[in-house]
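User: I'm new to protein structures and would like a close look at one part: the salt bridges. Could you walk me through them, and tell me how buried or exposed their partners are?

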Amino acid sequence: MIERIERRPNRDLPAINERIRFPKIRVIDSDGAQLGIMVPRDAMQIAEEKDLDLVLVSDKADPPVCRIMDYGKFKFEQEKKAREAKKKQHTVDVKEVKMRYKIEAHDYEVRINQAKRFLKDGDKVKATIMFRGREIQHSDIAEDLLKRMAGDLQELAEVQQAPKREGRNMMMLLAPKK
C-alpha cells in the first residue's frame, strides 16, 4: 500500500525568488532604481547575477512590486526593528495602595508618596480602603479620604473611577495625566 503525501504550499514562507507566481512584476533594483515591468524569470536572473534575492514587496499593486535585495539582511533588520519597538513599549500596570479609613497622618503621606511614584512611572493607581466588622458604617469618612487623596494627587493624576464600594472595600482608580 503506497501512501500519497499531498504537499500544500506553505503560506508562512515569504514570497522570494522562485515562490513569486505572477505573470508580470515591477522590479526595483537594490539601489532603488526602477528596472521596469518584466517576467519574474528575467528578474531572477538579474538578482542571481548580483548574488541577491528577488523579494515580493507589494502583491496588492498592479503589477505586483518586487525588489532585488539581500533577504537575510532584510529579515534581520526587520527583527531588529521589532525588538527595538518592543523595548520602548510600556505596559500600563495597575498598582494598589491599601489603607484603612482611620489612617494616621504620616501613614497617609507614605501612601500618597507611593501613589506619586507609581503615577510617575506611568502606572494606574487603585486606592483601596478596607473595612472590618462594623467599620463599614463609616463609608462616608472613607469616601472623604479617597476624595482628599484625589485632590492631593490632582497635579499628577485624574480620577478614572470615582470612589465606590465593593463588598467590604471602597476603591477609586487614578490614571496618570497625559
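Analyst: Let's begin with exposure: with a 1.4 Å probe and protein chains only, a residue is buried under 20% relative accessible area, exposed over 50%, and partly exposed in between. This is a predicted model, in which local features need pLDDT of at least 70 and side-chain atom pairs pLDDT 80 or more, while totals for chains, interfaces and linings use all residues. Residues are numbered from 1 along each chain, and side-chain values use heavy atoms, leaving out hydrogens and water.

Side chains of opposite charge can pair when their charged atoms come close. The structure holds seven salt bridges (a side-chain nitrogen of Lys or Arg within 4 Å of a carboxyl oxygen of Asp or Glu).

Let's start with Asp-29, whose side chain meets that of Lys-50 at 2.6 Å, N to O. This pair links distant parts of the chain, 21 residues apart: Asp-29 sits in the loop between β1 and β2, and Lys-50 in the loop between α1 (40-49) and β3 (53-58). (Helices, H or I with at least four residues, and strands, E with at least two, are DSSP runs numbered from the N terminus.) Asp-29 is buried at 9% relative accessible area, whereas Lys-50 is partly exposed at 37%.

Val-27 stands opposite Gly-36 in β2. Five residues lie between the strands of this hairpin, where Gly-32 takes a positive phi near 100°.

Now for the other pairs. Asp-59 forms a salt bridge with Lys-60, their closest N and O atoms being 3.8 Å apart. Lys-60 is exposed, with a relative accessible area of 76%, and Asp-59 is partly exposed at 42%.

In helix α2 (residues 71-88), Lys-87 and Glu-84 lie three residues apart, about one turn of the helix. Their side chains meet in a salt bridge at 3.7 Å, N to O. Lys-87 counts as exposed because its relative accessible area is 66%, and Glu-84 as partly exposed because its value is 36%.

Finally, salt bridges also form a network that links Arg-100, Lys-102 and Glu-135.

To recap the contrast: Asp-29 is buried, Lys-50, its salt-bridge partner, is partly exposed, and both Lys-60 and Lys-87 are exposed.

Technical notes: Pairing = 2+ DSSP bridges.
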